[in-house]
Amino acid sequence: MTMPPSLPAGDLTLHCYRRDHGPQIAAAVRESGRHLSRYETWAHAAYDEDEGRRHAEWWERAWDDGTARYFAVLREGRFLGSAGLSEINLEHRTGSLGYWVRTSETGAGVATAAAGAVSAAGFEHLGLQRIEIMAAVDNLASRRVAEKLGAEMEGILRKRQVRQILERAGAHF
């Protein structure tokens, strides 16, 4: 089973990560650093283009080895964020859905559209039967996206996510 390297999502286009997305990733992370770093261990305000390229290359390798399918979310060529499946287990037909959107594009439905396209493709093209979402309990925007996608919260998992030195509970959908 394979997943297309590009997915449509309304006025968005999702493309599997490529090394040349690095500068755009870096700009989006720098714009969003204060907010994004609360939930992503790799994000920080001084994120540079080399880090962006390494980030894209990491997802390229994960795509090649079949453990993840992550996409750059674009509108008219502008990088808006990321959405994808990780922890793909074809034997058990499961995966984990993740997403983030640059600060200037939050609240406009970008995460919901992109995550919806990725999850639909995971069910259709990878044959997944379960896609999980783990959102920090205090990340209300991510939790709202999960709810808009029709995911049902199954519980709060204590000490599920470690960010910087803080242990966070995760809302499991």
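1. Which residues does M3 touch, not counting residues up to four places away in sequence? With contact taken as heavy atoms within 4.5 Å, M3 touches W63, R69, F71, L85, V118, A121, G122, H125 and L126. The model is a predicted one, in which local features need pLDDT of at least 70 and side-chain atom pairs count only at pLDDT 80 or more, while totals for chains, interfaces and linings use all residues. Residues are numbered from 1 along each chain as its sequence is written, and side-chain values use heavy atoms, with hydrogens and water left out.

2. M3 is also among the members of the largest nonpolar core, which has 31 residues; M3, L14, V73, L85, L97, Y99 and V118 touch the most other members. Such a core is a set of buried Ala, Val, Leu, Ile, Met, Phe, Trp, Tyr and Cys residues joined through side-chain atoms within 4.5 Å, where buried means under 20% relative accessible area, exposed over 50% and partly exposed in between (1.4 Å probe, protein chains only). Two or more residues come from each of β1, β2 (12-16), β3 (69-75), β4, β5, α3 (110-126) and α4 (140-148), and α3 gives the most, with eight residues. Helices (H or I, at least four residues) and strands (E, at least two) are DSSP runs, numbered from the N terminus.

3. P5 lies in the segment before β1 (6-9) and is partly exposed, with a relative accessible area of 48%. Not counting residues up to four places away in sequence, P5 touches L14, H15, C16, W63 and F71.

4. Helix α1 (residues 22-36) spans only 17 Å between its end C-alpha atoms, whereas a straight helix of 15 residues would span 21 Å at 1.5 Å a residue, the expected span being 1.5 Å times one less than the number of residues. α1 bends by about 50° at R30, the bend being the angle between axes fitted to the seven residues ending there and the seven starting there. The buried residues of α1 are G22, I25, A26, A28, V29, S32, G33 and L36, and these pack against α2 (49-65), β4 (78-89) and β5 (94-101).
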